[in-house]
Structure formats: C-alpha cells, structure tokens
Amino acid sequence: MNISDREAAYFFHTYKRIPLEIDRGEGVYLWTKDGKQFLDLFGGLAVNALGYAHPGVLSAINEQAKRYIHLSNYFLQEPQIRLGELIIKHSGFKRVFLTNSGTEAIEGALKLARKWGKKHGKNEFVAFSNAFHGRTMGALSLMDREKYKDGYEPFLPNCYVVQHNDVEALRKTVNDKTAAVLLECIQGEGGIRPASADLVKELVQLKKEHGFLLIADEIQSGLGRTGKFFGFEHFDLKPDIVTVAKPIGGGLPLGGFLGNEEVAEVLSPGVHGTTFGGNPVACAAGCVVMQELFDNKLMQHAGMMGEYFKSKLLELKLEFPSLVKEVRGFGLMLGMELTREGETIVSTLRDRGILLNCTDVTVLRFLPPLIIKKEHIDYGVKELRSVLALQG
Ligand code: PLP
C-alpha cells in the first residue's frame, strides 16, 4: 500500500490531505521524497514562522531534550519560565497560562472569563459569525459555521454569535450579563476578514457601558505575523484576555492565554491545569521564536515583506479585475478573494511548486514563514500571475 492508502485504511477520515509526501524542509522550501521543491506560502497554517530547520530552533530543542523532555507541571521548568517572562515583557499583559494548542487556549480563556463573570454576576458569551476558534466544544459553541458544528449539538448555553461587523446586532446582544466578547480581529480561516472600524468603536463603547471582558483570539494573527506582536494592535482595542498558539512553539505544540490586571487574580491553584501544556522542549523552541521576533527584528521584517507582498497582489488585482475581487490583510496574513472558487488555482500552483491554501471557498490565503524574502515573493507572484492568466 502507498502512504495515502495506509492513511485511508487506518485513520478516521477527518483530513483531506494534500497528495504529496514531504521528505524535508529548509528555510521557506519543502522537498518531496521524489526530490520536487516547493515554495511554502502556507507555513504549516501559520505555525512555521521561522521556516524549516531553523538552526536556533534545532539547537534549542536538542539542548533541552538532552536535559529533560517532560517533568509535569508539578515542577518549575526553566524554559517555561523563560518563555513566560518574554511573553509578559513583550505583551504588556500580567499573567500567562501555557497550553498545547489553540483550542485549549480558547477553552482556558473561556474558563477564566467564566470565573471572572461568576464574581460579577455575568455568564453570557458573545462571538462573531464566520470566525474560527477551534474544535473543542467551548470553541464550537462560539462559532456559527455548520461545517464545523453539524452533529455535535448540544453546545454550551448562554453563547451568542452575532453577524460579523454588524454593529446593531452586537448592541442588541450584549448586556449586563455578558461576561466576555470573543473576537478574531482579523478572521483567518473565515477568509482574512478584518473587524470594521465601526465594530471596533462600538465594542469599545459597549465594553464601557456593560463592563464585559474582551477576549482577542490571536492564535493565527498573533506573534509577529501581521508585523506587530498582536493583530489587535492594528485596531484601537485593548483586550483583557488574549489567546495565542500556532508559531509560539517553533513548530512544536504550544499555546497559551494571557490576562491583564482585571483577571490576574481569578485563577488559583488547582482550578485549571494540563499535563503536557507548556512542554519544556516546546518552550525552549519558543524562546528562540521570541528572540528572532524581537532581538533579530523578524517582526519588522514580516511587516515590510507583508507590505511588499500585498502591493504585488494588488497589482494582480488590477491586471485581473474579473478574477480578483479584493486583496486584504495585514503583514504576512494576506488574502486574495476571487470571483470564483479558488481550489483549482491552488492545485495548479502546487503542480508548479508553490504551496498555498484556499479558505472560505474563494479566498487564496497567504501565511508564509516570516523569514520570507522579496525574491521568494516575486517568484510566488510570478507563478500566481501565470496561473491567473490561464483562467478563462
Ligand atoms: N483560533 C484561530 C484564530 C485559529 O486560526 C485556530 C486554528 O486554525 C484555532 C483557534 C484553533 O487552534 P488549534 O488548531 O491549535 O486548536
């Protein structure tokens, strides 16, 4: 049996896998077993910020693995503390809890908001349509897309999803019982759709009126991807809780939620925990990610490359007005909305050695490693241009 048949035979059929057998990666490139090279504009779905085989990440993983790979959270673990310090220093938040994944960060953030809400007589959550917050039941309870939810009912009570960017609907839904509003400032999976200036203004106003917590889901947009540490820094917003994951472990499973002074003292020993969350090897790799972002100015680089990439995509919009509807995004979190389904373009580009993804049916999504350079962008855009020209 080939690898696809073996997967089909033994695994639950949850993933539509790309029909490539990757052998190795280096920098922004991947190679298949049969030696074909691919430029990765997909970045492991925004995880591989430092690309593949980053020497600093490899050495941090190796050094930490030699000391200990796991101890459990009963022990103080130096890489965890070091990463926590760096996150707090650069984020301005007060406290952090480390998880294994994005969806666990969301669950933790919701639990934190629930506990806080209990003290303040608030037990409702509000989120926005078309967002993606993960696959666990709490996250699903705050999403509206049938494709993720169908068959998993019943969901958590007191959860309300309002139309994205619908200011009126938001005003009608939040009240003094609202404990938290959960927002992806830039919806990733939902098609690189930013919150509107009106929504942000209304959120700030309603927060003042009703005193709820604002939870920013920065799992995709956070940690330098948009040229700033958090995506919400592009908006005039100050969340109380932030969730992070994806690039934070240098490719190893790691996530977390951060809280400001409002929620800093809500959690006490034993009320929340995890066996694997904050794994020391992942944290050691995470410290390298933080070092690259700040000391080696990778975040600024991502911002500059993002502007360049966006300007090139906007040129394509001018060249192909009947095919390209809109180009959106911040930094290296970019989307090109087409006037038709994008899957054929994705597979044609793959045949030409470029990897990217299509989300929300019509949106080509670009989440390349933050180490990408102009020459890679030029090459990717050249191929995209010739594939767009082939479309009738
Ligand atoms: N939130 C956002 C914005 C995401 O993009 C994702 C994953 O794509 C998640 C939450 C869930 O993260 P994970 O897949 O690590 O559970």
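# A tour from the ligand outward

Select lysine 246 to begin: one of its polar side-chain atoms lies 2.9 Å from an oxygen atom of the ligand. This is a predicted model, in which local features need pLDDT of at least 70 and side-chain atom pairs count only at pLDDT 80 or more, while totals for chains, interfaces and linings use all residues. Residues are numbered from 1 along each chain as its sequence is written, and side-chain values use heavy atoms, with hydrogens and water left out.

Taken alone, the ligand exposes 390 Å², and the protein buries 82% of that. Such polar contacts are pairs of N or O atoms within 3.5 Å; within protein, one atom must be able to donate a hydrogen and the other to accept it, and residues adjacent in sequence count only if both atoms are side-chain atoms. Accessible areas come from the Shrake-Rupley method with a 1.4 Å probe, and for residues only the protein chains shown count as cover.

Ser101, Gly102, Thr103, Phe132, His133, Gly134, Glu184, Asp217, Ile219, Gln220 and Lys246 surround the ligand. Colour them by class to see two nonpolar, six polar and three charged residues. Here Ala, Val, Leu, Ile, Met, Phe, Trp, Tyr, Cys and Pro count as nonpolar, Asp, Glu, Lys and Arg as charged, and the others, Gly among them, as polar.

Next, go to the open sheet of four strands, with order 1-2-3-15 and mixed pairing. Strand 1 and strand 15 (354–355) are the edge strands, each pairing on one side only. Strands (E, at least two residues) and helices (H or I, at least four) are DSSP runs numbered from the N terminus, and two strands pair if DSSP finds at least two bridges between them.

Strand 1 and strand 2 are antiparallel over four bridges. Glutamate 26 has tyrosine 29, in strand 2, as its bridge partner. Two residues separate the strands of this hairpin, where glycine 27 takes a positive phi near 60°. Moving on, strand 2 (residues 29–32) and strand 3 (residues 37–40) run antiparallel, joined by three bridges. Leucine 30 is partnered there by phenylalanine 38 of strand 3.

For a charged pair, select arginine 171 and glutamate 209, which form a salt bridge with their closest N and O atoms 3.1 Å apart. Arginine 171 lies in helix 8 (residues 167–173) and glutamate 209 in helix 9 (residues 197–210), so the pair ties together parts 38 residues apart in sequence. The structure holds 20 salt bridges, each a side-chain nitrogen of Lys or Arg within 4 Å of a carboxyl oxygen of Asp or Glu.

Finish with two backbone details. Glutamate 153 and proline 154 are joined by a cis peptide bond, with omega about 0°; proline 154 is in the loop between helix 7 (146–149) and strand 6 (159–162). Alanine 53, although not a glycine, has a positive phi of about 55°, and sits in the loop between helix 2 (43–46) and helix 3 (55–67).

Definitions and conventions
A residue is near a molecule or strand if one of its heavy atoms lies within 4 Å of it.
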